[in-house]
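Colleague: Please show me the model, and let us then discuss a few of its residues.

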Amino acid sequence: MGSWQRWLRVGGLSLRGGGACVPLGGSRSVCGRQLSGAENETLEQRRTQIMSRGLPKQKPIEGVKQVIVVASGKGGVGKSTTAVNLALALSANDSSKEIGLLDVDVYGPSIPKMMNLKGNPELSQNNLMKPLLNYGIACMSMGFLVEETAPVVWRGLMVMSAVEKLLRQVDWGHLDYLVVDMPPGTGDVQLSVSQNIPISGAVIVSTPQDIALMDARKGAEMFRKVHVPVLGLVQNMSVFQCPKCKHKTHIFGADGARKLAQILGLDILGDIPLHLNIREASDTGQPIVFSQPESDEAYQCWP
């Protein structure tokens, strides 16, 4: 067994020149001999302690009962559209529930336009930002804090600081559900959100295309690794139906997300068509679940 393999296995050793093992924290060197059961257990405990250093302890967002994150492995699959309509559907399903929508996609915030909101948040007496409200949904986004056309050119530490403020410095009041629109991918923001707050479940959005499904699977596996329940997959842009002849075309492939859901043992939560009405409703800031709740498109999205 090579020195690096041994280091990775026991987790409590560092290496110096020549591959000699140097104990950490007073532990005995174990190079060249088999570990006993007691020693192996001690080193495993040491490894766990080292790995846990610096990891934040989860703390609930004040006033929020349940958090649902909407994520995707790849951008451009309709994640933000799904998050917006999910929040509106939760509100429409039970008007007694208070719903919030948090946009933590710092580089590409979409919630302000989709929810037809502009302006800067006011501050409460406790110096917390007050969410902007439309369609009965309390919303917060990085898009409220920067100019609409201004790019956010920040390094990782600044992004993480912004995410921390969006999580901890917003006066949500009392919410039954907070829907979080995550950025695409499986990077720092996803990890930070998952480790900082208790999450009731994650919804993964993907098109049926193989390229998108590869990353959607990575997203689902990431949430499982950080012990966040994956509620299921939403298959977006599943089929296009010609408005004239009614012929259906599977532009991005057929049932790819359904097949992935079977592999992962997950449910398909929605099967959303590629439809002009959905796109136009999002672009005009009148989401389809709100503006056309009785339409076939709204029903197909959120039965």
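Colleague: Is Asp255 buried, partly exposed or exposed?

Modeller: This is a predicted model, in which local features need pLDDT of at least 70, side-chain atom pairs count only at pLDDT 80 or more, and totals for chains, interfaces and linings use all residues. Residues are numbered from 1 along each chain as its sequence is written, and side-chain values use heavy atoms, with hydrogens and water left out. Buried means under 20% relative accessible area, exposed over 50%, and partly exposed in between (1.4 Å probe, protein chains only). Asp255 has a relative accessible area of 36%, so the residue is partly exposed.

Colleague: In which loop is Tyr135 found?

Modeller: Tyr135 is not a glycine, yet its phi is positive, at about 55°. Strands are DSSP runs of E with at least two residues, and helices are runs of H or I with at least four, numbered from the N terminus. Tyr135 lies in the loop between β5 (132-134) and β6 (137-141).

Colleague: Which helices are included in what covers the buried residues of α6?

Modeller: The buried residues of α6 (residues 188-196) include Val189, Val193 and Ser194. Contact means heavy atoms within 4.5 Å. The cover includes α5 (156-168) and α7 (210-225).
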